[in-house]
Each structure stands twice: as structure tokens, then as C-alpha cells.
Amino acid sequence: MRNNKLLDNIVIISVFIFLFLPIFVLILFSFNTSELNIIFEGFTLHWYKDLFYNRSLLEALINTLLVALSSTIISTIIGTISAYGLYKYDFKGKKIINELLYIPIVIPEIVLGISLLSIYTLMKMELGMFTLILAHITFSIPFVIVSVRSSLTSMDPNLEQAASDLGADSLTTFFRVILPSLVPGILSGAELAFSLSLDDVVISYFTAGPGSNTLPLHIYSIIKTGVTPDVNALISLMLLTIFIVLTISMVISLRKIKGDER
Amino acid sequence: MKNKIIRSIFIVPVILYSLLLIALPIIYVLIISFYKNDSYGGMIRTFTLENYMSIFNSVYIGIFLKSFLIAVITMFICMIISYPFALAVSHKNAKTQSIFMTLVMVPFLTNSLIRMYGWIVLLRKNGVINQVLLSLNIIKNPLNLMYNNLGIVIGMVYTLLPFMILPLYSSISTIDYRLLEASSDLGANKWKTFTKVILPITFPALFNGGLMVFTPALGFFFIVDLLGGGKIMILGNLIKNQFLTARNWPFGAAIAILLIIITYILIMIYRKIGGKMDDLGA
Amino acid sequence: MSEKKVIVKLENFSKSYGPKEIIKSINLDVYEGEFITLLGSSGCGKTTILRAISGLDEPTSGRVFIDGEDVTHLEARKRQVNTIFQNYALFPLMTVYDNVAFGLRMKKVPEDEIKTRVDKMIKLVHLEGYENRLPKELSGGEQQRVSIIRGLINNPKVLLLDEPLSALDLKLRKKMQIELKQLQRKLGTTFIYVTHDQDEALSMSDRVVVIKEGNIEQIGTPIEVYEKPVSLYVADFLGEANIFKGKVTNVSNNKTTVNIKDKFDLTITEDNYQIGDSVNIVVRPENIRLTLVARKNNCIQGTITNMVYDGYITKVFIKVNNTSYEAIINGNNKNYKINDEVYLYWALDDSIIIGDKK
């Protein structure tokens, strides 16, 4: 096909400018001597130093990472087990369970947020880190299941039979044969769960309580009074970390593409 | 016996999870929506349709219309941006495609609130965009880029764009390029090839994207709070207020149930046109 | 021959993808109404040639003419040629009718005329009653027919076919070969056909263009390229070939003697070689005869190492001085068995002589 390369590149570049502009601005102002985030007046690193003395901000960061990590690990484990269970076994009501699993994916987050808040209140559970992590697990599991399921359906169905033909019991089969071939699906599910958790505002807003102040909630509370550039500095550092992780994972996946082309 | 235990290990967690953390909370919200609110922020256990009736109050109808309008506009703008972008990316080689699609996701690994703050810095009266335009003498007075509908739509489009780009791209990238060549070979120009070949094939993906943009757009109260300036309300703000400030849970629950119903009508249409549920989460 | 009108002309056409040169400056004339086949192994550039004619790719250099008009830089959609794609490329969400009507609709032909023409085409390939089906509801052969009439309905000056039968099973492929050839005769449309299958090329074409690594190796009728290959490559690519490499040792009254690897002598009737020249003698397996008693000319002794029964023929592999040669004998011939000592011989004019180009 003859395609207009120039037009293609203009479209791609414009979309990327749109996507990265707000982030770029935040990073830029993290080096700004003025604390107003309005005009760039000069270069400084002192906001990065300040960052380490801003206790509530650091606490919010730690909470955020704690929630993201623990909910990712738990939802990945439960999601993987569940995806395999739903793939392998038949049981009464499986259809209903399958339908229920789509709910967190499709309904507006606010509905899931107030539903969890309501049930927490009904159960007299005090809002805090536990309820927050549980909420994040709740909305992450279905995404992990979908991701692992796509790996399962593309897996050779004879693998399992071959394993049991060779004398492996079902647990051995799962751990030695099935699980290794699901790794890409599990990893992308975990990635998704982690980024969903980092990104979430709405559900956290309803399910977090005092003592479980996370980064988005912290920023939400100070955004109207004015955000100081040490927050920009923190965001820049987070972005840097993400960028490093992404670059590594991209290099790995690009090698795989190259391998496939051969 | 041993097999039975193994079987339970694999299926009990998902059953418990979906019943306790998905079904139960939503059923409870459904029940609440028939309760009555007492004046102290508590609930009276009864059965009333009052909450659903009061949705038809003109104030709330206005909020409904506003929400739908914002969501529909957001959805259309996302479509208009995503199609050319996904097509342009699909013209690149495999390596470049994979880099570009990863880059699309990078901003979303930060928090959406943080990105909204970035937009505030850009859009406000003394924000970066106005400063730049003023210093270049393109405008004489700063533009009102936020605290209005424009700001809300920018925030919504920005936050939801990847949900349109991803399904469209994955659908477009699986189109056999020979179909496009056949179309061109048979005399179709680019626009005809798009409307007659690409659009019909990618329609389920377009609907998927539309769904994943439209329904969240009804609920993102924080975008409206931050970029709308507090005067404008959408369904998300209404629900949030009922639960956290007005403390009228039954009414808030009724609106939430309504949102669920709207979502499910859209899902039914999506399934009818051949969309797969798993694609929604991918 | 001189009356024939050139419908497609490639002039010094070459094509590179990046640093890789796929086609190295070729010239080709295609005559109106002929069935011409571009034959070569995968990656030889035959599809690249087709894409330059269809307009789906632009040449790196050189020019393309269709019916005398320079179309080198004309878009595919504006060219009066149509392509049949390897995987049919039927629009999956359109019915058979809409697929076939697509090209005419693009030209804004009135719907009632489209109807008549589509009906006629559908009848031509016996797909009546399938108009409202979707491509996925058709068998491979049916899809193939739809894709062919989808191209033909536009009355193209040339129909380009890119390995159109490769996805079909053997039996259907044979049937479609006959159908395609009949269709081409009936309509008189010029077909440019790309394939890597030598049987297909030989059985369908008026002319075959053998392509090797971006160059045209030989152009000729099927009989010419099979019986008079100009190179070892062509001889080997089209059918099986026993190749005897040797040196001319004696030339006398219309008889040239060639010594094969110091082991034995063969005689050829060609006389344009001199003593010391390297020559290759190619003999098709079906021309090699076996006997238990020695004959006078061109007779070599060997041992049968293997026999492969293949229904109406049996392939016999004979080892002569550590080189294996192949002969074909009728069906289930019980005169020979493995480890038999036999003599190979053939008629003098069944030797194809190819000089060694170094």
C-alpha cells in the first residue's frame, strides 16, 4: 500500500504531544526555582531535596506503592488460579460467575466504589489500608483473569493431555506444564493490575480512610490550595522509575519480535 | 479425593470473590435504592420507589443530559483522534508499532489525578498555554480554557483516549493488508476503503472503545471537580455528593443502579453486533 | 507472432527494499490475450513484478506500460488491471454479491447494470444461489471463484493472479486449474499468473517466465522451457533432471564425445563444442530406459538402490559411480528389483545439452 508517510507522522506526533504535554510540564516545573508552577524562572534541584522532608507526601507515596504492590500480587495469584479453574473445571453456576467477573471491567468505577463503601459500612469494617487494598484487589482480579485466559486459549490443548499421558498428576501438570506457558499472560495481567492501582482515583476515594492517605488522595486534598513543586519532583522520580522499567521490558519484548520474524 | 481438593483450590476462590466482592455489594446497593432516607443521614428499611421517581426531578434531568452530552462528545473526539492514529501506527513496522503502543500507555502509569494537575498547570488563566499565547502576541487576553465545559472535555478525552486507541489499534492491526490492497485494486480511494472495508471490520472494536469511554465519562467526578470549577455537575458528582456530603444513600444508590442499567443495555448491543466480552478487559 | 499486441510492458524494471535488490532491471512484454506465468521459487521476486503491474508498489527504477500508456506512477485504483490475491482477500462482512459488485460500485455504475453484470459473472462460475452468503460460509474453491469474478467483472485489461490456488488441496487445485484455463480461453482476458508450482505453470500457460533471484532466466512456451531449458537451473526447477557434468574429449563428424568425471563417455549430436569445453548433459527420468543387456550408445551400468512405487509409474534410483540417477518405468514392473545390476540408456536426441557458463 502506498501510504502518506508525512501525514502518518504528523498524526502520531500530535497525539504524542497531547499525551505527554501535561507530564512534561510537571517535570519541567520540578526544576523551577519559583514555587508557583506558573513561569519557569530558573533551574534548581532543591525541590528534590525538600521531597525527603515532606513527611505526609512520603507517607502517601509509601501507601500508594504498598497498595499497588500488595493488590497486584494478591490479584495476580487469585486471578491466575481462577482463570485456570474456569478453563479446566465445570461447575454449577459457572456461567453466572463468568458474567459477574465482567462487572468490575464494565461498570463505571464510581458504582463499584460506592458499592464497596456500602458493604464495608454494612459489615462495620473501618475504612483504612485493608479496605483500600481489598477494593483494589476487587477491581484488578477480572483484568488478570481475562489476560491469563487469553494465554490459556492460545495454549496447545494437547499439552495438558500429553502431561497426564506421561503420568503427571493435575497439580504437577499445572505447575510444571501449564503455569510456565501462561507466564506472558500472567505478567501482562500483573502489569495491568499494577497500573490500574496506581492510576485509580475514584474507587480509592470511597474506600480509603484516615491513615490510608495515598498519593492521589493527598494531591486531591492539596490541589485547590496549591501544589508545591516537591510534588512535581516526586512525580518526576516516579516517571523516571516507570520509564526505566518500561525500557527494560520493551527491550525484552522487542527481542522477542525480532526472534519471531526470523 | 485428592482431585476434589485440587478442584476446590482452583474454583473456590473465584466463587467466593465474585459472590462476596462483586454480587453482594451490588445487590446491597440495589436494596438500598429502595430504602428511605431519614433526615439524619441514616436509612429506613422499607420499600419505596421514591428514589427512582425523584430522578425525574428537573434538576436531576438536567444533570443527566449534561453528563450524557459530555460523555458523547468525549467519545466522538476520542474516535476522531484514535482512528487516524491507530491507522498511522499500523503502517509502521512491527518494532515501531510495539514501541509506539507502549508509549501510549506511559502517561497512564502515573496517576490520573496527577495528569489532571498537569492540565491545570497548562490550562488555567495564568497557565502555560495562556502565557505562551500571550507572549507570542497571538491573544490579547488570557483564554478561559478551564473551569468550563471545554476543560472538562479536555480532561475526559485525555484520560479516556487509550481506551479507544487500544481496541481500535488491535482490531486494525489484525486486518489483512491484502483486503486494503484488494479494495484499492478494485478502484476504491482511501476514504472509500475506510468506510467500506476498515470501518465495518473494526466496528465491534469501535463500539468496545465507545463503551469504555462513554460509561466511565459519566462517573469521573474528580475531572469535573478539578477542571469544571465546581459549578458543573455530572452523574458521578451527584452520586458522590449523595454518599459523602448529602448523605442520602438511597437516592445515590438509585442513580448507581440506573448507571448499571445503562451500561448493560450498551453491553447487550455490543454483544449483539458480535463483540467479545474478553476484549473489553484487554 | 508479429501481429500480437503488447498489453503490458516492463522496461528496465527494478525494485529494492532498502539495500536489498529484489528485481534487477528486467524487461518483459506480455501479449494481449495470453496466459503468461511467472514461475520461480519463493523470494525470487515474481510477486514483486505483479505488484508493480497492479500498482500496489512503485518500481525503484524503470517503467511500466499498460496498453501503451506509462502507468509507472499511477495508483492501483486507477489502473485497468485487477489482482486475485493468494488468500482471496474477500471482504469478510460483505456478501458474495457485494464483494463482486464492489469494483463497479466504486466506478458508480448504475445499480441495475451492476445487477445484470454480477448475475452474469455468478453464472459464469456456477455460484447461483450463493449471492447472499458471506465469504466464511463458502468453501475454499468457492471463495476462490468469487475472488476471480470480483476481479473479472471490471473488464480489466489484464488479470493478475498471485498464487491463487496455493491454499487449495491437491484435487481441488487440479480442478480449478482446468476451470481457470477454460475461463481465460472463453473471455480472452490476459492472465498474468504467479506460481512456484511447475506443474501449474506447464499445464496452464501459453508462455512461462522462469525467474531466478530477480532475473528472468528463460521465457518460452511450456514445451520450450521443459525440453529446451537454457540453464541447469531451469532444467532442474521444471521437473526432475539427471545431470551429467563432463568435458568434451573428441569431436568428429557430427558426433561429440563427452567424458563424465573420467568414468564413462557419452555421445551427443551437438557439434558447436570444442575439445576441453565443459558441458552438462541433462536427461529427464522419463526418457531413461533400463535394460539388463548392454546397448551400443550412451549406455551406463549401475545398481538399483531404491524403487518408489507411485501408482501408474515406478521411480527407480540407480547408483552409478557413487552418483544417484533417476529413471521412470511403467507401473508395477516386476522385471527389476533393488540391488539388480542394470544398464541405463536413452535416445541421442533426448539429451539436453547445456554449456557450462562460468
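I count a residue as buried if 20 or more other C-beta atoms lie within 10 Å of its own. By that count, 42% of the 262 residues of chain A are buried. The model I am reading is a predicted one.

**Entry: chain A**

I began with the secondary structure. Chain A has 11 helices and 0 strands. Read along the sequence, I get the pattern α-α-α-α-α-α-α-α-α-α-α. I then boxed the C-alpha atoms along the principal axes and got roughly 70 × 60 × 30 Å. Next I took the contacts in chain A between residues at least 6 apart in sequence. Of these, 80% join residues at least 24 apart.

**Entry: where chain A touches chain B**

I looked up this interface next. On it, 77 residues of chain A are in contact with 78 residues of chain B. I listed the elements of chain A that give two or more residues to this side. They are α1 (5–29), α3 (55–88), α4 (94–106), α5 (109–122), α6 (129–153), α8 (170–199), α10 (215–222) and α11 (229–261). Which element gives the largest share of the side of chain A that touches chain B? It is α1(A), with 13 residues. I sorted the residues of this side of chain A by type: 60 are nonpolar, 11 polar and 6 charged.

**Entry: a helix pair in chain B**

I turned to helix α5 (residues 112–123) and helix α7 (residues 149–172) of chain B. Their axes come within 11 Å and cross at roughly 140°.

I then wrote down who meets whom. From α5(B) come S112(B), R115(B), M116(B), W119(B) and L123(B). They meet G151(B), I154(B), G155(B), Y158(B) and T159(B) of α7(B). The residues of this contact divide into 5 nonpolar, 4 polar and 1 charged.

**Entry: P84(B)**

I picked out one proline. P84(B) lies in helix α3 (residues 58–90) of chain B. Is P84(B) buried, exposed or partly exposed? I find 17 other C-beta atoms within 10 Å, so P84(B) is partly exposed. I also checked P84(B) against I165(B), 81 residues away along the chain. Their C-alpha atoms are separated by 9.8 Å.

**Entry: where chain B touches chain C**

Here 15 residues of chain B are in contact with 17 residues of chain C. On the chain B side, the elements that give two or more residues are α8 (177–185) and α9 (190–219). By type, the chain B side divides into 7 nonpolar, 3 polar and 5 charged residues.

**Entry: chain C as a whole**

I counted 8 helices and 20 strands in chain C. Of its 358 residues, 35% count as buried. The C-alpha atoms of chain C fill a box of roughly 75 × 45 × 40 Å along the principal axes. I repeated the contact check for residues at least 6 apart in sequence. In chain C, 64% of those contacts join residues at least 24 apart.

**Entry: the five-stranded sheet in chain C**

I traced an open sheet of 5 strands in chain C. The order is β15-β19-β16-β17-β18, and the pairing is antiparallel. Which strands are at the edges? They are β15 (289–291) and β18 (323–330) of chain C, and each pairs on one side only. From one strand to the next, the twist averages 45°.

Strands β16 (residues 299–309) and β17 (residues 313–320) of chain C run antiparallel and are joined by 6 bridges. I found T303(C) opposite K319(C) in β17(C).

Strand β11 (residues 242–252) and strand β12 (residues 255–260) of chain C run antiparallel, with 5 bridges between them. I located the bridge partner of K247(C) in β12(C): N259(C). How many residues lie between the strands in the hairpin of β11(C) and β12(C)? I count 2, and N254(C) takes a positive phi near 65° in this hairpin.

I went on to strand β13 (residues 264–268) of chain C. This strand pairs with β12(C) in the antiparallel sense over 5 bridges. Here T257(C) has T267(C) in β13(C) as its bridge partner.

Methods. Residues are numbered from 1 along each chain as its sequence is written. Chains are lettered from A and ligands numbered from 1 in the order in which they are written. This is a predicted model: local features need pLDDT of at least 70, side-chain atom pairs count only at pLDDT 80 or more; totals for chains, interfaces and linings use all residues. Two residues are in contact if their C-beta atoms, placed from the backbone, lie within 7 Å. Helices (H or I, at least four residues) and strands (E, at least two) are DSSP runs, numbered from the N terminus. Ala, Val, Leu, Ile, Met, Phe, Trp, Tyr, Cys and Pro count as nonpolar, Asp, Glu, Lys and Arg as charged, and the others, Gly among them, as polar. Axes are lines fitted to C-alpha atoms, for helices over the stretch in contact, and angles run from 0 to 180 degrees between N-to-C directions. A residue is buried if 20 or more other C-beta atoms lie within 10 Å of its own, exposed if 12 or fewer, and partly exposed in between; C-beta atoms are placed from the backbone. Two strands pair if DSSP finds at least two bridges between them.
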